[in-house]
Amino acid sequence: SKSKSKTMEVEEDSKAPQRTPAAVLVVSTALFDKLNGKGGAQTNFLNWKEFTLLCKYANASEKRAKELWKFSDKDQSGTLSRKEFFDFCAVESIWPTVCKIATQLRINEHAEQRDVAERLFQYLDKDNNSRLSWEEFAALCKSAGTDQNQAQKLWSETDVNLDGNLSFAEFSNFVARPDCWDVALKIHTSLLELSLQKSKGKVERVAQLMFDFLDGKGAFSTKDNLLRIDSFTLLCKEAGADEKRTELLFRQADKDNSGSLSRQEFLHFCARDDVWPSVVKIEAYITNKGYNTSS
């Protein structure tokens, strides 16, 4: 009979690949790398907390997790080396379960990569033409701290059909690259945090503060509770938008084509996903500098 310490108490999958040393190495390495760092700093070992994540994926009880840990930690060091984890995954009764978990994690990661790519693509595609220009791509590289030469190298590697633009498919492949994924995920997380702030009502406060600051600041504007293109340009210039982009944004924000923005129109403009992060940064800068927004 099978040893109790060598089962994970999940339904075995008859479709698991053949348990060859090469297959075990692929699966155990993928799982080890996925778990490593989830319970602290990344090392060449798995700790108890990281191992319990695997057991949770397998629906193993805490008692069973402790039995499996004791069985796997051959040298009783309190950690699992890659060799110990390889041997654990290679156990006949455990192999189908770890294969199933590795497959599901890979599917989940692919889905996450696509979601991240979609959100970043929408954020970067400033002119909404479903393609990324070099300038739009360079903005992402700049956020990641990539220098100009490296950014151009990444561009040439990503623009596979050499048409001078990146399709969503090309950009998705770029985001999924092992050397790009962590940075893309970090930038995506920052955008999510900003969206969370926006969803909590911060957008109205920020938009009102920015409106009060810009109202009357233009060369040809007076403080009359309306924003005209000259005042609006000050915001766009601070965000790094050129004249052409500024004019496009103003036309999009000016819903009634009146030639000026009401508070409500400006509020809707600030709430845009591609605008909000820049507005938040500028608002924080103004607040920290102590500029008077009411004068």
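A salt bridge is a side-chain nitrogen of Lys or Arg within 4 Å of a carboxyl oxygen of Asp or Glu. On this criterion, Lys153, Glu157, Arg177 and Asp179 are linked in a network of salt bridges. The model described here is predicted, and the report begins with the chain as a whole before turning to individual residues.

## Overall architecture

The protein chain has 295 residues, of which 39% are buried. Its secondary structure consists of 13 helices and two strands. Among contacts with a separation of 6 or more, 59% are between residues 24 or more positions apart.

## Salt bridges

The structure contains 14 salt bridges.

| Salt bridge | Distance (N to O) |
|---|---|
| Glu62 and Lys66 | 3.6 Å |
| Lys83 and Asp87 | 2.8 Å |
| Arg177 and Glu157 | 2.8 Å |

The pair Arg177 and Glu157 links distant parts of the chain, the two residues being 20 residues apart. Arg177 is placed in the loop between α8 (168–175) and α9 (178–214), while Glu157 belongs to helix α7 (residues 148–158). Arg177 is partly exposed, with a relative accessible area of 22%. Glu157 is likewise classed as partly exposed, at 36% relative accessibility. Both residues are members of the network that also includes Lys153 and Asp179.

The pair Glu62 and Lys66 has another setting. Because Glu62 and Lys66 are four residues apart in helix α3 (residues 62–72), about one helical turn separates them. Glu62 counts as exposed at 56% relative accessibility, and Lys66 is partly exposed at 47%.

Lys83 and Asp87 are also four residues apart, about one turn of the helix, and both lie in helix α4 (residues 82–89). Lys83 has a relative accessibility of 55% and counts as exposed. Asp87, with a relative accessible area of 30%, is partly exposed.

## A negative surface patch

Glu135, Asp242, Glu243 and Glu247 form a negative surface patch. One of these residues, Glu247, is part of helix α11 (residues 243–253). Glu247 has a relative accessibility of 37% and therefore counts as partly exposed. Membership of a patch requires over 30% relative accessible area and no salt bridge.

Is Phe250 buried or exposed? Phe250 counts as buried, because its relative accessibility is 9% and the cut-off for burial is under 20%. Leaving aside residues up to four places away in sequence, Phe250 touches Leu227, Arg228, Ile229, Phe232, Gly259, Ser260 and Leu261.

Phe220 is found in the loop between α9 and α10 (229–238). In contrast to the buried Phe250, Phe220 is exposed, with a relative accessible area of 77%. Phe220 lies ten residues from Asp230 in sequence, and their C-alpha atoms are 6.9 Å apart in space.

Most residues other than glycine have a negative phi. Which phi value does Ser130 have? Ser130 is not a glycine, yet its phi is positive, at about 65°. This residue, Ser130, is located in the loop between α5 (95–124) and α6 (134–143). With a relative accessibility of 52%, Ser130 counts as exposed.

Leu162 is also a residue other than glycine with a positive phi, in this case near 55°. Leu162 occupies the loop between α7 and α8. The relative accessible area of Leu162 is 70%, which means that it is exposed.

Note on methods:
Residues are numbered from 1 along each chain as its sequence is written. This is a predicted model: local features need pLDDT of at least 70, side-chain atom pairs count only at pLDDT 80 or more; totals for chains, interfaces and linings use all residues. Side-chain values use heavy atoms; hydrogens and water are left out. Patches are made of residues with over 30% relative accessible area and no salt bridge: like charges are joined within 9 Å, nonpolar side chains (Val, Leu, Ile, Met, Phe, Trp, Tyr) within 5 Å. Accessible areas come from the Shrake-Rupley method with a 1.4 Å probe; for residues, only the protein chains shown count as cover. Lys and Arg count as positive and Asp and Glu as negative; His and the chain ends are not counted. The place of a charge is taken as NZ of Lys, CZ of Arg, CG of Asp or CD of Glu. Buried means under 20% relative accessible area, exposed over 50%, partly exposed in between (1.4 Å probe, protein chains only). Contact means heavy atoms within 4.5 Å.
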